[in-house]
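Please read it beside the structure shown here.

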Amino acid sequence: MLNIVVCVKGVPDPKQACNIKIDPDTKTLLRCDVPMVVNPLDKNAMEVALQLKAKTDARITVLSMGPPEAGNIVKECLALGGDQGILLSDPAFGGADTFATAYTLAKGIQKIGPYDVILCGMASSDGSTEWVGPQIATFLKIPVVTMVKEVVETDPSTWKVKANIDNGYRLMQVKLPALFTVTREVNTPKNLSFSGIIKARKKEIEQWGIDDLGVSQGSVGLKGSPTIVSQLNTKVSNRNVEFIKGTREEKAESLVQKLIGTGLL
Amino acid sequence: MAEQKKSVGSVWVIAEQIDCRLLSVSTQLLGKARKLADELHTSLETILLGDNIDRQTQQLIAAGAERVYLGNTPEFAFYHPEIYTETIVSLAREHKPEIILMGSTSAGRELAPLVAARLETGLTAHCIDLVLDEDRNLEQRIPAYGGLLSIICPERRPQMATIAKGVFSAPEPDETRTGEIIALGAPDIASQRIQTLEIIREEPEGVPLESADIVVAGGAGAGDREGWSKISELANTLNAALGSTRPAVDEGWTELTTMIGQSGKMVSPQLYIGVGLSGEQQHLVGVVDAKVMVAINNDDKSPVFEQVDFGIVEDCREFVPVLIEKIKAYQERLTVC
């Protein structure tokens, strides 16, 4: 049986992200009412796992780290077809940078047991870093290929994948166990089905804290993070907006006149 | 100044070549790194891995490198995660650099986190500025919700960051500079767990973003594929390059190669038109150098309006088709006269 772990992250809904501000005093995110959703590219990672499970004997474990509310993110992935859900949640995990996050997730994966393939989205929509996938692979001492746009072959011991590079792609052959981060080109994620939601009700989500992982306080969360936020500078734009008014037609006409003024039309 | 001044390790730039051509981001980083090294009273060193790349070393030295670690063998010809990581990690363990900078290229974005994790140090993604703070830590600035965050890595070394092409400008090459070249052998990696079978180059279609006079960028406000096709049509009508924000890429409306901003491309057009996007810093840092900026958004309180020259409060799905008609009408008038 192929054991697949899909790492997912709860992120503020990217479509409403402009409503999020940083508190200048505490330097923390003021999320306001922006709902948490599954990071879009993690859904592509989930879909890779689901398509494999449809044609081979596989077990999908969904793994996330976050506050207890992030259980909903794991639940949604179970409703999509994951078999088992694990949420790494502990106050000690809070404030982790990508290094500490990858370490904690790697410890979670080791506790899950034997694994063949680990899948992650290529980047998170909120932090826009791409570090967690490759760094999990480093902690687990397994190979990694990032930016996978197509899974070409899935033999039991070796995968062939196409991965994006600047101006093209590379065809890679990788021995399992291995970690892959995927781009949105890899597939089109399916939407939640009613039957999936019903089935997910019976599936358990386990919550593991610092004692379950057997890691030290100093190696996780803020304490285990090499990087810290030192300052917030509110960016001041030196542009002053002129609103173009009128009916829709008039606004379009005025804008065309402004564009003509730039000499570019 | 209570503390005694410790001697500081070198500043390193991991230079990169593709098909034996040095990437422009590498010389741009050397220019910035040269200034940081001078401020820290330390040396600037660079690593370049490839095959048949002897001639590129002079470019690195002319851009400010005092020492070039040169891996010039067939094993290094193409980026390979394990071979490149092993080479850089063992050199860094030996020489203990203070700072390592890499380009936010496809290879850099995979290599940097692998090296940082092995060295058990911090790594900041896609910085838009680098300065030294009063404790001589590298302050790595990144855009974040409505502002700029400064990230530091106070306890561990090296301090590592990736930076996109176009953030810093390349220095004027100084051919009188001299430098030391140290040859590197390929590491002995017993298990070939990863093999590159083939590298396929594909040139993107359309007007290239980086050199376009006009950029039309769309965001989540497009709503759906149909809305996106209108924005794309607006770009075509203006003979503009089409850009995007991450939500638009995540929706699958456009390719990742069109993404503008911190983790995408840096553009500096004469005219930028942002359509149905909310003005997130991660996107707008990629267009700060645009001459004239226009935003179309249905929310008059959208932060995008704080950062542009002209604002139009309209639903872009309704407005863009009208705008296209008006532009076409003007273009037709031009051809008649």
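1. Axes here are lines fitted to C-alpha atoms, for helices over the stretch in contact, and angles between N-to-C directions run from 0 to 180 degrees. The model under discussion is predicted.

2. In chain A, helix α3 (residues 98–112) and helix α4 (residues 132–140) cross at roughly 55 degrees, and their axes come within 8 Å. Angles from 65 to 115 degrees count as roughly perpendicular and those under 35 as roughly parallel; α3(A) is therefore oblique to α4(A). The crossing of this pair, α3(A) and α4(A), is right-handed.

3. On the α3(A) side, the contact is formed by Thr98(A), Phe99(A), Thr101(A), Ala102(A), Tyr103(A), Leu105(A), Ala106(A) and Ile109(A). From α4(A), Val132(A), Gln135(A), Ile136(A), Phe139(A) and Leu140(A) take part. By class, the residues in this contact of α3(A) with α4(A) comprise 10 nonpolar, three polar and no charged.

4. In chain B, helix α3 (residues 81–95) packs against helix α4 (residues 106–118) at an angle of about 45 degrees, and the axes lie 9 Å apart. The helices α3(B) and α4(B) are therefore oblique to each other. Where α3(B) passes α4(B), the crossing is right-handed.

5. Which residues of α3(B) and α4(B) meet? From α3(B) they are Pro81(B), Tyr84(B), Thr85(B), Ile88(B) and Val89(B), and from α4(B) they are Glu110(B), Leu111(B), Leu114(B), Val115(B) and Arg118(B). The contact of α3(B) with α4(B) consists of seven nonpolar residues, one polar and two charged.

Key
Residues numbered from 1 in each chain as written. Chains lettered and ligands numbered in written order. Predicted model: local features only at pLDDT ≥ 70, side-chain atom pairs only at ≥ 80, totals over all residues. Helix = DSSP H or I, 4+ residues; strand = E, 2+ residues; numbered from the N terminus. Parallel < 35°, antiparallel > 145°, perpendicular 65-115°, else oblique. Left-handed = near helix turned anticlockwise from the far one by under 90°. Contact = placed C-beta atoms within 7 Å. Nonpolar A, V, L, I, M, F, W, Y, C, P; charged D, E, K, R; others polar.
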